[in-house]
Amino acid sequence: MLYIYNTLTKKKEEFIPLNPPYVKMYFCGPTVYDYFHIGNARSFIMIDIIRRYLEFQGYKVTFAMNLTDVDDKIIKKANSENIDPAIIAEKYTVAFMNDIRKLKIKPADLYPKATAHIAEIIQMIKTLEDKKFAYNIDGNVFYDVKKFNGYGRLSGKNIDDLESGARVEINEEKRNPLDFSLWKKAKEGEPYWESPWGKGRPGWHIECSAMSNKHFGETFDIHAGGSDLIFPHHENEIAQSEAASGKHFVNYWIHFGFLNINNEKMSKSLGNFFTAREILKKFSAESIRMLFVQSHYAGPLNFSDELLTSALKGLEKLTNLKDLIRENLKQKESGSIIEVDFTKYKKRFEDTMNDDFNTPQAVAVIFDFVKEMNKIISENPEAGPEFYKNVRKFLIDTAQNVLGIIDFSETDILDGKLEEELIELLIKLRQEAKRDKNYALADKIRIGLNELGIELKDSKEKTTFKKVK
Ligand code: AMP
Ligand code: ZN
C-alpha cells in the first residue's frame, strides 16, 4: 500500500486513485523566461520519480506539466531585449524541453500552455463572476477571497491573520488586500486578448485552474509543485476551482522542499543559482539525480560540494557493478546457477517507496543489493549469465526505471535474447562474407547494424558488439 503525505490534510494517507488504475497528475511547471536552475530541476526530477514509481506499481498515469507562457517576467525580459514576448516564451520552452530530456525526465503526456487556453480561462472567470466570487473594476477582475469558505486550508493560514499581516497594497481598488487578479487589464505594449472585460491577459493562478479543469475535469488525483507554491498559488487554485465547480478539487497535494544554497532558497530573483544546463556540462543526468534521491523530496536540501561528492561516490559503486555485469555477459555463455532472493530486495525497495516515496531509503536498499552482488561475484567466479541477467533486471526495474540513477541502455542490449542472437547471427554471416572475400556484403552488414545503433568491434579472436544509442 502506498502512502503519500498530503499537504491538504497534513497526514500520510493511503493512495486511492479516483478511477484506478488511472491516475491524473498535474505539476506546476516553469515560467518560460529563462533557463531553469537546479532548484527547479529538483522538483522536476522528484515528480518524475513519483510518476515512474506509480507506473512501476501498475498505474496508468496521465501526467500534465503546464508552461506559464504569458507573465510579467516574460514581458519584462522581452521589453529589455526589445523582442516579442511570444519569442521569449518559445525560446525558453524549447530550452526547457531539451534540458529535461538531458536530465532523463520522462516527457509529460501534456504540456498545457496558458496562451492556448485563453477561452477556457475566460469561461472560468465568467463562472466565478456569475457566482459572485469575482468582481470587475474597470477591466481588472479580482477574486473575492472573503467569499470562499475555507480559504487558507491548504497553507494552514488563517484569513484574518493573513489580512492583518498583509501590507496594504498600492492597488487600492481591491476590496481586500488578499484578493488576487484573475484578469489583468492590458497596459501599453503588453500582449492582450479580447474578453468580456476588455483587452487584457490572465492572472497566473487562474491558468492552472482552467487548464487542469479542461484536461482532468473538476476533481483529480494528484497536484504537485515546489513548496513556494503552497501559498498563494495553490491556495488560490483551490479557491477558484472549488468555487467554480462546487466540487472538491484535488485529492492529494504533494510539495517539494527547496534546494538551498547557503541555507537560502535557490532562485532566479536572488541570483544564487546554477542553471541545469551548466551543471549538465560537468555532470551526468544520473549523478544529478543521485544527488536528489539521497534526500527525501519534502525536506530542504542544501547544495554543496560534499553533497555532490557523496552522490558521485554512490554512483561509482553502481557503475562498477554495471560494468562487471556487461563484461561477464559478453564473455560468458554458460556457468553455474546462483540462487539469489531478488524478491526480498524488490519488497524492501517497494516498502521504502510506499512510505511517501522515501528515496534515500530506497537507494540504501539498492546499495545493500550492490554490496551483496559484489560479494557473490567475488566468491563465485563461475557464476553464469543467468545470474548476471537477473542482477541487471533488478537494477533496471528499480535504479534505472524508477530512480533514473543508472542507464543500461547506453551500452547494453536490453530487448532480450532474440535480439542478441540475431546480432550474433549477422556477425557470423559477416565473417563468412569476409572469408569469401565478399567485402561489399561484409561492409553492408556492419554499416546496416551501425545505423541501428549497434557498433561492431573486430579483434583477432572474435567480433564483439555494443549498443551505442
Ligand atoms: P518557476 O519557474 O519559478 O515558476 O518554478 C518552476 C517549478 O520549480 C515550481 O514547481 C517551483 O515551485 C519549483 N522551484 C522553484 N525554485 C525551487 C527551489 N529552489 N527548489 C525546489 N523547487 C523549486
Ligand atoms: Zn500552477
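Mentor: What follows starts with the whole chain, goes on to the ligand and its surroundings, and ends with some backbone details.

Keep in mind from the outset that this is a predicted model. The protein chain has 469 residues, and buried residues make up 51% of them. Its secondary structure comes to 15 helices and 15 strands. Along the principal axes, the C-alpha trace spans about 85 × 50 × 45 Å. The accessible surface of the protein chain is about 22,500 Å², and carbon and sulfur atoms account for 51% of that area.

The chain is divided into three parts: domain 1 covers 3–265, domain 2 covers 314–408, and domain 3 covers 413–467. Between the C-alpha centres of domain 1 and domain 3 there are 52 Å. Sequence separation is also worth a look when reading the contacts. Of the contacts between residues at least 6 apart in sequence, 75% join residues at least 24 apart.

Now to the part you asked about. Ligand 1 is surrounded by 20 residues, and the closest are Ser43, Gly226, Asp228, Leu259 and Met266. By type, the shell divides into eight nonpolar, nine polar and three charged residues. Two elements, α1 (38–56) and β9 (220–226), each supply at least two residues of this shell. Helix α1 gives the largest share, with four residues.

At Gly39, a polar backbone atom is 3.2 Å from a nitrogen atom of the ligand. At Gly226, a backbone N or O atom lies 3.0 Å from an oxygen atom of ligand 1. At Met266, a backbone N or O atom is 2.9 Å from a nitrogen atom of ligand 1. As for cover, ligand 1 taken alone exposes 490 Å², and the protein buries 93% of that.

Gly226 counts as buried because its relative accessible area is 10%, and the cut-off for buried is under 20%. Setting aside neighbours within four places in sequence, Gly226 is in contact with Ser43, His255 and Phe256. Ser43 is also among the residues closest to ligand 1. For a sense of distance, take Ile376, which is 150 residues from Gly226 along the chain: the two C-alpha atoms are separated by 42 Å.

With a relative accessible area of 0%, His223 is buried. The side chain of His223 makes a polar contact of 2.7 Å with the side chain of Glu237. Beyond residues up to four places away in sequence, His223 touches Tyr26, Cys28, His234, Glu237, Phe249, Val250, Tyr252, Trp253 and Ile254.

That leaves the backbone. Most peptide bonds are trans, and most residues other than glycine have a negative phi. The bond from Pro20 to Pro21 is cis, with omega near 5 degrees. Pro21 is found in the loop between β2 (11–14) and β3 (22–27). Phe231 and Pro232 are also joined by a cis peptide bond, with omega about 0 degrees. Pro232 is found in helix α7, which runs over residues 230–245.

Asn263 is not a glycine, yet its phi is positive, at about 60 degrees. The place of Asn263 is the loop between β11 (259–261) and β12 (264–265). At 63% relative accessibility, Asn263 counts as exposed, since the cut-off for that class is over 50%. Phe357 is not a glycine either, and its phi is positive at about 50 degrees. This residue lies in the loop between α11 (342–354) and α12 (359–379). Phe357 counts as buried, at 1% relative accessibility.

Note on methods: Residues numbered from 1 in each chain as written. Chains lettered and ligands numbered in written order. Predicted model: local features only at pLDDT ≥ 70, side-chain atom pairs only at ≥ 80, totals over all residues. Heavy atoms only, no water. Near = heavy atom within 4 Å. Polar contact = N/O pair within 3.5 Å; in protein donor to acceptor, adjacent residues only side chain to side chain. Areas by Shrake-Rupley, 256 points an atom, 1.4 Å probe, with all protein chains shown as cover. Nonpolar A, V, L, I, M, F, W, Y, C, P; charged D, E, K, R; others polar. Buried < 20%, exposed > 50% of the residue type's maximum accessible area, 1.4 Å probe, protein only. Contact = heavy atoms within 4.5 Å. Domains from an automatic or database assignment.
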